[in-house]
Amino acid sequence: MKLSVCLATYNEEATIGRCLAAVKGIADEIIVVDGSSTDNTVEIAKKNSAKVIVADNHPIFHINKQKAMDGAKGEWILQLDADEVVSPALASEIKEVIAMTNDYVTKYEEGLPSKKLFLKHQKLIDKRDGRVGEEEGPYVAFYLPRLNYFLGKFLKYGGVYPDGAIRLVKKGKAHLPAKSVHEVMQVEGRVGWLQNDLYHYDSPTFKRYIERNSRYINLIVDEMRQGKIKKNLITSVDFILIKPLSWFFLTQIRHKGILDGYQGVIFSLFSALRFPRAYLRYLRSS
């Protein structure tokens, strides 16, 4: 068995069908760990030939993602979220890459058209989360560039693209620690990139964006508690004024978010507002 597609879901009836339909042609098996959905997610997944495992819905959703990966039998695992869609070009690329020898993969990586952009983005990830994977040896995992859909438009600026996420991994060579919402895969081996885009329909409506953003902020608050962030005037000014203003102008000016139109402005604004919103919830929670 060559490729297993793995997902963790909870109340994803609006998106799961589209996601699974896009990978039917390349998946040898589809495994869905569902967090006890109350809608038709499970039924839709089964209609799309998925093996469904019902589990608890954990606040750290990586727990169920890892359960799905643990149950996979394929040599390679494509881990997806229900609101992601593999583009036809990406599907073809995945089939080609997992059939290559490591020597061919190395040559393929050297010739990626967007290699400079991808490596620049990867340096930012490594700076934030620490080095992912190893510099030498066989390729065992790949970042996929994601196009994020926000209020009717795929965003290309503001530091949003390529929004690399490790999604394609060799069985047994990568795992999720399942400790933080921010974490990336821990990889035992070399990490590369694929060229073609993964469509991410994260926020097709503003209501959905606000709901997801609020849950994300709650997880940030939990991390603030664990880190015992200080509650004083200096910290308040930093989170309420300095951090959001710096983030907004960084994404709008330096990363040219303004070129994405009003969608880019709104995305930058609410992304910046996560700092004061999380800090104020943190103050109220204790």
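**Selected residues and a helix pair**

Analyst: To begin, in this predicted model, P113 counts as exposed, because its relative accessibility is 72% and the cut-off for exposed is over 50%.

User: Where is P113 placed?
Analyst: P113 lies in the loop between α5 (102-110) and α6 (115-129).

User: What separates the C-alpha atoms of P113 and G192?
Analyst: The separation of these C-alpha atoms is 13 Å, while P113 and G192 are 79 residues apart along the chain.

User: Changing topic: is T9 buried or exposed?
Analyst: T9 is buried, because its relative accessible area is 4% and buried means under 20%.

User: And which element holds T9?
Analyst: T9 belongs to strand β1, which covers residues 3-9.

User: Which residues does T9 touch, leaving out those up to four places away in sequence?
Analyst: With those left out, T9 is in contact with I16, V32, V33, D34, G35, S37, T41 and A82.

User: Now the helices. How do the axes of α9 and α10 cross?
Analyst: The axes of α9 (residues 261-272) and α10 (residues 274-284) cross at roughly 30° and come within 4 Å.

User: Why is that pair called roughly parallel?
Analyst: The crossing angle is roughly 30°, and angles under 35 degrees count as roughly parallel, so α9 is roughly parallel to α10.

User: Which residues make the contact?
Analyst: From α9 they are F270, S271 and A272, and from α10 they are R274, F275 and P276.

User: How do the residues of that contact divide by type?
Analyst: The contact of α9 with α10 has 4 nonpolar residues, 1 polar and 1 charged.

Key:
Residues are numbered from 1 along each chain as its sequence is written. This is a predicted model: local features need pLDDT of at least 70, side-chain atom pairs count only at pLDDT 80 or more; totals for chains, interfaces and linings use all residues. Side-chain values use heavy atoms; hydrogens and water are left out. Helices (H or I, at least four residues) and strands (E, at least two) are DSSP runs, numbered from the N terminus. Buried means under 20% relative accessible area, exposed over 50%, partly exposed in between (1.4 Å probe, protein chains only). Contact means heavy atoms within 4.5 Å. Axes are lines fitted to C-alpha atoms, for helices over the stretch in contact, and angles run from 0 to 180 degrees between N-to-C directions. Angles under 35 degrees count as roughly parallel, over 145 as roughly antiparallel, 65 to 115 as roughly perpendicular and the rest as oblique. Ala, Val, Leu, Ile, Met, Phe, Trp, Tyr, Cys and Pro count as nonpolar, Asp, Glu, Lys and Arg as charged, and the others, Gly among them, as polar.
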